[in-house]
Amino acid sequence: MINSVVIMGRLTYEPELRTTSNGLSVISFQIACDRQYQAHGEERKSDFIDCRAWRQTAEFISRYFHKGSMIALAGAIQTDNFTDNNGNKRKSVTVVANNVSFCGSKEQANNNPSFAPPNPNEFEDIDDEDLPF
């Protein structure tokens with residue numbers, strides 16, 4: 001069976017490294033990912049995805065990533081069923097990160113014009129004859 005997830009987004013809060021009673025490093029964090037579709041006249045929506053990492057991956061995230069950092073990760077979805085304090089059955093969905101990568105800092109994105117989205121008006125004056133196909 002396949003359970004594989006690849007996501008990229010910004011950390012929504014400062015991740016906090018913890019250690020289990022067995023001495024394993026674990027970190028929980030949340031990533032905000034913009035949706036690809038944006039309805040006309042509406043703001044782009046984001047999904048807030050809960051994530052977790054273990055051992056060296058957790059320590060790496062704790063050392064190099066902070067609130068607002070852009071991060072890419074590959075991992076798997078993990079679900080847990082539980083009963084809340086009111087007796088209601090609930091399900092939590094978490095992405096367990098196996099690999100993480102840098103994607104540049106927020107400062108780089110704000111200060112580097114190459115990160116800016118293209119201007120849609122810049123292509124208005126192109127004739128069909130200029131296209132190679």
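This tour moves through the structure in a few selections and says what can be found at each one.

The model is predicted, and local features need pLDDT of at least 70, side-chain atom pairs count only at pLDDT 80 or more, while totals for chains, interfaces and linings use all residues. Residues are numbered from 1 along each chain as its sequence is written, and side-chain values use heavy atoms, with hydrogens and water left out.

**Aromatic rings**

Begin by selecting Phe60 and Tyr64, which form a tilted aromatic pair with 5.1 Å centre to centre and 50° between the planes. Rings of Phe, Tyr and Trp (its six-membered ring) pair if their centres lie within 6.5 Å, and planes under 30 degrees apart count as stacked, over 60 as edge-to-face and the rest as tilted. Phe60 and Tyr64 are four residues apart in helix H1 (residues 55-64), so about one helical turn separates them; helices (H or I, at least four residues) and strands (E, at least two) are DSSP runs, numbered from the N terminus. Phe60 is partly exposed at a relative accessible area of 25%, and Tyr64 is partly exposed at 43%, where buried means under 20% relative accessible area, exposed over 50%, and partly exposed in between (1.4 Å probe, protein chains only).

**The nonpolar core**

Now select Phe29, Ile31, Ile61 and Leu73, the residues with the most contacts inside the largest nonpolar core, which has 17 residues. Such a core is a set of buried Ala, Val, Leu, Ile, Met, Phe, Trp, Tyr and Cys residues joined through side-chain atoms within 4.5 Å. Strand E3 (25-34) is among the elements that each supply at least two residues of this core, and E3 gives the largest share, four residues.

**A loop residue**

Finally, select Asp84 in the loop between E5 and E6, where Asp84 is buried with a relative accessible area of 17%. A polar atom of the Asp84 side chain lies 2.8 Å from the backbone nitrogen of Asn88.

How values were computed
Polar contact = N/O pair within 3.5 Å; in protein donor to acceptor, adjacent residues only side chain to side chain.
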